[in-house]
Amino acid sequence: MKDSKARFEKAKIFPFIPTGEYYYNKGLKAYDRFDINKAKKYLKRALELEPGEAMIACQLAIVYTDAGEYSESNKLLFMILNELDEGMTECHYFIANNFAHLGMFTDAFKHAQMYLEVDEIGEFSIEAEELMHLIGLEDDDNLDSLVEQDEMIDQLETSRLLLERGEFIEAVKMLEDTIEGYPEFWPAYNNLALAYFYEGDTGKAAGILEKVLENNPGNLHALCNLAVFLYYERETDQLNELLTALDKVQPMLFEHRYKLGATFALTGKNEQAYFWLRQIQKYGYDGDEGFHYWLAKAAYFTGNNKVANQAWETLIKMNPEQAKIEPWNVKDHPDPRNSEDDAAVLKMIRSERLEERLYGIFLMSLSTHIKEILSHPDFKRLEDFSFSEKLYLAHILKDRLKASIPEEKFIEKCHEVAIILYERFKEAGLHTRNILLQWFSFYKQGLGEKVPMENANALAAATEYIWHKQSHNKKTQKIIAEEYGISQATLRKYIKVVEEVWQ
């Protein structure tokens, strides 16, 4: 024992410190096994350890391409050429290939041509020539055609950003101009249908999708958008028929798989949603905020809690604002017409947050079975309500109570504003919870104060403007004023009113 101890004390311990080369080799092995996700993970770590190694960066770019992340791949490839090794000419071919996948054919042709100019007998010269032939750029007419295609794609991307920011009027104008110039550019029609739907014009939205499907049968984006419209319009029979048909679709592109998975998740078909979203994640698709939200929802409701929590943690890192409420914890906007949503309303009324309890009372006021909620054993005891809650509850029950209520004018206007915001967001297919929680914080702080409350419509407009501003989802005062049918001067006046109460 003594000798063993002596040998142990004299032994030297050599710590194992993984290098960039170590992770690079592990990444290559994972790539050879078609494990794109692990290949990406190891190669990213290798590049972190050796950021100046062009070969590692190039291999990671190739993995990004195989994962369908063409823009990320091109970022790395341009970095290699501009900063690491301009002699790595094959990067031009890889860039051309990525641009072709993105539909940016002019740029794809230019980089394929550039590759052949700098390395005419290079390893990928045959592939580059085939790519150029496939693009079909042989004369000035074809060049003009490709420039037009690039312009269409630029306009489509701009319209998508406008939709994400809630600038629906601008999106409609841009997309109408796009389809006037390019009458068979179906992606623009799909986005225009969404813009009209978000604006509340469901008739126009449905008409546009009908035109797309007549002229371009099987258009997956149009079918998925139609499913979303039917879901919000509660056309259950038509929705189920369409979802049954979509369940038989086997798309090849990551973009189509994501669209299909998100549509299934939104409409409550979590098994199908999890299959598609998890599949593309396993192939290395990193995804945006929406992807991780829908994956978290689908994973949780199919019993895959570990995946759900991982997706939610990723979303929190990407956008803490969007990740405030897990899709399995709080029903974002229960439908007060459905008795099965009573549990969600009762849960809100028992929340620790006053604004959420007020929101629960508001939803109860819209219910067609308020008596059942009031008599439910889980309904909070009246003596446990705060003074402000009791006043609001008394207001929505005033026809039953037949009694005067303190601060009735203020509460009545607050309720009217809540209804305006609720109906506006519901019609647009947007979540109502966050905007109404913000409004009920106004109720909480403004109760008992002398607050100008004459114009409920203007108060709603001011609240929405501030909400968009705080969410970094820019929407101008001019647009908000037009949408609510008020002057900009009136909007500015009430923005000041609301902000002063919240200070």
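Thr-267 touches Ala-227, Tyr-231, Leu-239 and Leu-243, not counting residues up to four places away in sequence, where contact means heavy atoms within 4.5 Å. This is a predicted model, in which local features need pLDDT of at least 70 and side-chain atom pairs count only at pLDDT 80 or more, while totals for chains, interfaces and linings use all residues. Residues are numbered from 1 along each chain as its sequence is written, and side-chain values use heavy atoms, with hydrogens and water left out.

**Setting of Thr-267**
- Thr-267 sits in the loop between H15 and helix H16 (270-282), helices being DSSP runs (H or I) of at least four residues, numbered from the N terminus.
- Because its relative accessibility is 10%, Thr-267 counts as buried (under 20% relative accessible area, with a 1.4 Å probe and protein chains only).
- A polar atom of the Thr-267 side chain lies 2.8 Å from the backbone oxygen of Thr-263, and the side chain of Thr-267 also reaches the backbone oxygen of Phe-264, at 3.2 Å.

**Helix packing**
- Helix H13 (residues 220-232) packs against helix H15 (residues 254-266) at an angle of about 10°, with their axes 10 Å apart.
- That angle makes H13 roughly parallel to H15 (angles under 35 degrees).
- Among the residues that meet are Ala-227 and Tyr-231 in H13, and Thr-263 in H15.

**Confidence**
- The protein averages a pLDDT of 79, and 83% of the residues score at least 70; pLDDT is the predictor's confidence in each residue, from 0 to 100.
- Over residues 4-11 the pLDDT is below 50, and this stretch has zero contacts in the model beyond near neighbours in sequence.

Key: Axes fitted to C-alpha atoms, helices over the stretch in contact; angles between N-to-C directions. Helix = DSSP H or I, 4+ residues; strand = E, 2+ residues; numbered from the N terminus. Parallel < 35°, antiparallel > 145°, perpendicular 65-115°, else oblique. Buried < 20%, exposed > 50% of the residue type's maximum accessible area, 1.4 Å probe, protein only. Polar contact = N/O pair within 3.5 Å; in protein donor to acceptor, adjacent residues only side chain to side chain.
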